[in-house]
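Student: Could you take me through the features of this structure, with the general idea before each case?

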Amino acid sequence: MTNTLHRQGTPESLARDFIIFLHPARGINRDGVAEKTKRFLRMALEEGPVNVGGQGLNLYTADNVELLIGNINDESSTIAATFSDPEAIRRLVARLKKADFGISVNISGPADIVDDILRSQGIVRHSIEFSLGVLGRTERLPTRQVLELTTMCGHGMVSHNHARKMIDQVKLGKLTARQAARYLARPCVCGAFNLDRAEELLAKAVEMA
Amino acid sequence: MKIDQNKCVGCGNCVPVCSMGVISVVGGKSRVNEEECVECNTCYRTLRNEGYNPTLVRLLRWTLKQFHLAYDPPPDVCPTGALTPPRLEWPRSLRAEFSDPTIKHSTTGTGGRGTSEIKSNDVTGRLQAGDIGLVAELGRPGLGARFRDLEKVAKALAAAGVRFEANNPVTYLMTDKSTGTLRQDVLNEKVMSAIIECRTDLAHLPEVLAALRRAAGEIETVISAGIAARCNADGSVPFADLVRESGFTLSPNAKTNLGLGRPLYEERQALASAVAGRD
């Protein structure tokens, strides 16, 4: 999930953007992880995520979330849940600590807010990874407005042109910001695309037009 | 990606969803610039196949046009299922392995772009106190990268003394891990992005970051760079000051490993020591 590391945006916007996932280690604690992952996903769903994903499906491409859960096995790719509400993350962390799955848990989000949440649950973070930004031919990149949308899919499945088209469709009144956000969420197979945040960014793009 | 020219009705829905912007409508049909396509399959996965008969759709479009109306399908469909992921041969197969997150790498047997990094560091102990993990993802966001640029950056980092992560798919393509040299037959292949993962220590971090910055000036794409470490016992970040002094800025957001994995690396080491002592 380096795919969740390089999300761009203002601190205010990123403060409502969290991705949480379990990550088993092959040869150490991967055997039997499927049932734990399913329990994790059900817990996450009870806390109101804006997206979930894994196994090539997300909340907006799976016919229903039970299909996604049913496909989980010990060899499954990482299953992630995306939230806008830090309090939902706090509740989920408390539940995961109590459940004691013994599988590594990671959260991508604002470092200070995540640290506060962990300390409130008596957890001292173990390891951390930060983005150092973008180097090289940055003049080839699109506007910040576009990048704030597309970097929510770190695998690059949401194209710059798709974001531009959806911004235009909202400006023209052909789609609502929510509808456009749903279309943008489809290509992101990991479920890391934050629909609430995309809706806000699209609405803001129209205001600025 | 292959677009069946007999089925394509030129609706253009695949044009904006193309991750590399290399599909265009020419002569009323979508065409892919194969040289620039990274075989990510995003168009195929994202656009639902409506399975309509192409002849009927063309007739409908023609009829509507006579009344100055346009056929405007929803933006998430391919009306006739004209998109087909092709069977790829080496080295082009690397494009799909590095670009489509649903495909596993033939070299490492894992999916995604890189390795577990710090995601299971609490149980693997991959990064110990004093170790620094560095990731340089070329092509991200959204530009793509050729392996010839990856080699330039890998060589620069190797010269700065880094150790490349063994199970990373880019490392698998190296013919010499001490110099960062890649296989010559892959250099012209283009991928959505690829991650060089390496390790250094706090003492060498400024030199490695300087090498990364220099190398970034010599390539045709962008690098999304990241840095990772095990936190100090109080949860503080060991590299924060060094990064700042090196002219870089840490992002406000980060990926945090909570340390809830079991058995912890230290527990496994203690157990292994106890077993060794008993023997």
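**Domains, sheet and helix packing**

Tutor: The domain assignment of chain B gives domain 1 (2–86) and domain 2 (105–278), the bounds coming from an automatic or database domain assignment. This is a predicted model, in which local features need pLDDT of at least 70 and side-chain atom pairs count only at pLDDT 80 or more, whereas totals for chains, interfaces and linings use all residues. Residues are numbered from 1 along each chain as its sequence is written, while chains are lettered from A and ligands numbered from 1 in the order in which they are written.

Student: How many residues of domain 1 of chain B are in contact with domain 2 of chain B?

Tutor: 5 residues of domain 1 of chain B are in contact with 5 residues of domain 2 of chain B, contact meaning that C-beta atoms, placed from the backbone, lie within 7 Å. The centres of these two domains, taken over C-alpha atoms, are separated by 39 Å.

Student: What is the strand order of the open sheet?

Tutor: Strands of a sheet pair through backbone hydrogen bonds, either parallel or antiparallel. Here an open sheet of 11 strands has antiparallel pairing and the order β3(A)-β2(A)-β4(A)-β1(A)-β5(A)-β15(B)-β6(A)-β14(B)-β7(B)-β13(B)-β9(B); strands are DSSP runs of E with at least two residues, helices are runs of H or I with at least four, both numbered from the N terminus, and two strands pair if DSSP finds at least two bridges between them. At the edges stand β3 (57–58) of chain A and β9 (163–164) of chain B, each with a single partner strand, so one side of each is left without a neighbour in the sheet.

Student: Over how many bridges do β5(A) and β15 of chain B pair?

Tutor: β5(A) and β15 (residues 253–257) of chain B pair in the antiparallel sense over 5 bridges, and Asn106(A) stands opposite Asn257(B) in β15(B).

Student: At what angle do helices α7 and α9 of chain A pack?

Tutor: Two packed helices are described by the angle between their axes and the distance between the axes. Helix α7 (residues 160–171) and helix α9 (residues 195–208) of chain A pack at an angle of about 60 degrees, with their axes 9 Å apart; axes are lines fitted to C-alpha atoms, for helices over the stretch in contact, and angles run from 0 to 180 degrees between N-to-C directions. That makes α7(A) oblique to α9(A), since angles under 35 degrees count as roughly parallel, over 145 as roughly antiparallel, 65 to 115 as roughly perpendicular and the rest as oblique. Met166(A), Ile167(A), Val170(A) and Lys171(A) in α7(A) meet Leu202(A), Ala205(A) and Val206(A) in α9(A).

Key:
Two residues are in contact if their C-beta atoms, placed from the backbone, lie within 7 Å.
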